[in-house]
Amino acid sequence: MTAVSDALPPIPDPALISALAADLDGADFRSEPLRMLWGEEADDALGRGVREPLLRAVDGDESALATLGRLLILGMPQPTALVSEALVRLGVDGLVALGLARLSEADVVPTALIRPQSFVDADGIGEWWIASDLDELALGSELPADHVLGVGGASRTLAELVVPAPVSRALDLGTGCGIQALLVARHAGEVVATDVSERALAFAALNARLNGVGNITFRQGSMFEPVAGEAFDLIVSNPPFVITPRVDGVTAYEYRDGGLIGDALVEQFVRSAASHLLPGGVAQLLGNWESSGETGLSRLESWIAPELDAWVIEREELTPLGYAELWIRDGGTTPRDEAFGRMLEAWLDDFTARGVTAIGFGYVLLRRGPAGHEPLRRFEKLSQPLSGTGRALRDGLSAHDILAEGLPQTLVTASDVTEARHYMPGDDDPSVIELRQGGGFGRTISVDSALAGFVGACDGDLTVAQIVAALADLFEVSLADLWAELEPRIRDLVRDGFLVPEVR
């Protein structure tokens, strides 16, 4: 473990950062203008790690946008004269002073990337400039161990998961380039961003100032050490959860490898989070967990303090071989490289020695829920596409709290719910009735005619009791028997977001 440092990362010169922001704005250095510059097909190819179509599209283009695109998006050296023309306020010397480039003869050589990053939240659509280290495409080689990652798939996933709600104090643990801290800062009074890497904190501080965000403070240290004794309304973390063998010849990347054995880093986070949550506070993270004798989800459940609400969603499960291949390739080593086989053996030896049979990946939500309520415990595997996940998690927590007080008097069917009926040829009655969610967790559940009839009648005009009584008359069954059958299933539909309380 790395001790907490009292020294903050070097503070970038505010005047230079303001000049850089003004130059990027003046060149219209944003996602859509860049996409229009080199075309949608070339832009999509770049997302797959192919830059040749983009370079063909801007070949010979000496405009400020094209120059900055090659320099800061692709990480390619550019002639000093062109960069000077593009950065009229900052200048080449200013770019070098910020640590974002160096000079080499007649060229400016980038030492970092700056890429526009769009976002959408409850307050609307926006875009930031995010600086990070040169990627594999720019380096042309394996990433260095202290690499600071830009905005990747995991960052976007976590951003979609965060429960949308205003908070007073938030913590971004393992901030990296600072993208989660920036997002949370839009609906938090104060954000503390921590990382074990001073280099990552320097990038995060630069990005906050580059985008005019002033309510984030930065602290260096491992896990919860920089915030000992403090509590928060919201904790978010995309921690370095990748399980990597601790042997020579296998690079441990600061941005993804936590330095602990197996899934111990996720365990440490989950066990420690309870003492850092204020009443009503929520902690959310991405993580891996191992199956070894018992399932990973069962092991994860045993780490969670009994007083906390817990909602864990496992998105995928890989074999040791599949997991090793994934992360070896992620570091830039391919089967064509001599080191690939040696690294694969090291990963498989590590999993075998510890009896690991599978590795799960997913999302963890912890909450210090209302006092006196039975804690929520949901551990599920969902592989279908998800959308609006943060809102769905928020609504699920709200439903749990509502159901703790009893079933609402009046319910309405959620606006994204549809019904599908399947018939055998020649039959008048359906053999299968399904309710489907169009958003959120995209659940599909099978129901019988009575429950389908109940959901169909939930339009706010009748109470729950009135609908069930009418169904008992229709099906000519005992009201008590029908209620005993339907009530727990109605509660499940509320819990899963198919039915929502009517607001009067």
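**Exercise 1. Which residue follows α15 with a positive phi, and near what value does that phi lie?**

Solution. This is a predicted model, in which local features need a pLDDT of at least 70 and side-chain atom pairs count only at pLDDT 80 or more, while totals for chains, interfaces and linings use all residues. Residues are numbered from 1 along each chain as its sequence is written, and side-chain values use heavy atoms, with hydrogens and water left out. Helices (H or I, at least four residues) and strands (E, at least two) are DSSP runs, numbered from the N terminus. With these conventions in place, the residue that follows α15 is Gly355, whose phi is positive, near 70°.

**Exercise 2. Find where the confidence of the model is under 50.**

Solution. Begin with the term: pLDDT is the predictor's confidence in each residue, from 0 to 100. The chain averages a pLDDT of 91, and 97% of the residues score at least 70. Over residues 1-9, however, pLDDT stays under 50, and for this stretch the model has 23 contacts (heavy atoms within 4.5 Å) beyond four places in sequence. Where pLDDT is low, the predicted coordinates should not be read in detail.

**Exercise 3. Describe helix α15, its buried side and what that side packs against.**

Solution. Start with the length: α15 covers residues 338-353, which are 16 residues, and reaches 24 Å from its first C-alpha to its last, close to the 22 Å expected at 1.5 Å a residue. That expected span is 1.5 Å times one less than the number of residues.

Next, sort the residues by accessibility, where buried means under 20% relative accessible area, exposed over 50%, and partly exposed in between (1.4 Å probe, protein chains only). The buried residues of α15 are Phe340, Met343, Leu344, Ala346, Trp347, Asp350 and Phe351.

Finally, look at the neighbours: the buried residues of α15 pack against β10 (277-291), α14 (320-330) and β12 (358-367).

**Exercise 4. Is Thr333 buried or exposed, and what does Thr333 contact?**

Solution. Thr333 lies in the loop between α14 and α15, and with a relative accessible area of 4% Thr333 is buried. Leaving aside neighbours within four places in sequence, Thr333 is in contact with Glu142, Ile328, Ala339, Phe340 and Met343.

Now turn to Ser141, in the loop between α8 (136-139) and α9 (153-161). Ser141 is partly exposed, with a relative accessible area of 41%. Although Ser141 and Thr333 are 192 residues apart along the chain, their C-alpha atoms are separated by 8.7 Å.

**Exercise 5. Work out the strand order of the open three-stranded sheet and examine the loop between β2 and β3.**

Solution. Two strands pair if DSSP finds at least two bridges between them. The order of the open sheet is β1-β3-β2, with antiparallel pairing. Strands β1 (78-79) and β2 (101-104) stand at the edges with a single partner strand each, so one side of each has no neighbour in the sheet. The pairing of β1 with β3 (residues 107-110) runs over two bridges, and Val108 in β3 is the bridge partner of Gln78.

In the loop between β2 and β3 sits Glu105, which counts as exposed at 83% relative accessibility. The phi of Glu105 is near 55°, a positive value in a residue other than glycine. Most residues other than glycine have a negative phi, and most peptide bonds are trans.

**Exercise 6. Which residues have the most contacts inside the largest nonpolar core?**

Solution. A nonpolar core is a set of buried Ala, Val, Leu, Ile, Met, Phe, Trp, Tyr and Cys residues joined through side-chain atoms within 4.5 Å. The largest such core has 126 residues, and those with the most contacts inside it are Phe29 and Ile216. Helix α11 (residues 198-210) gives the largest share of this core, eight residues. Not counting residues up to four places away in sequence, Ile216 touches Ala181, Leu182, Ala185, Val191, Ala193 and Ala208. A second, separate core of 26 residues includes Ala399, Leu411, Leu451 and Ala452.
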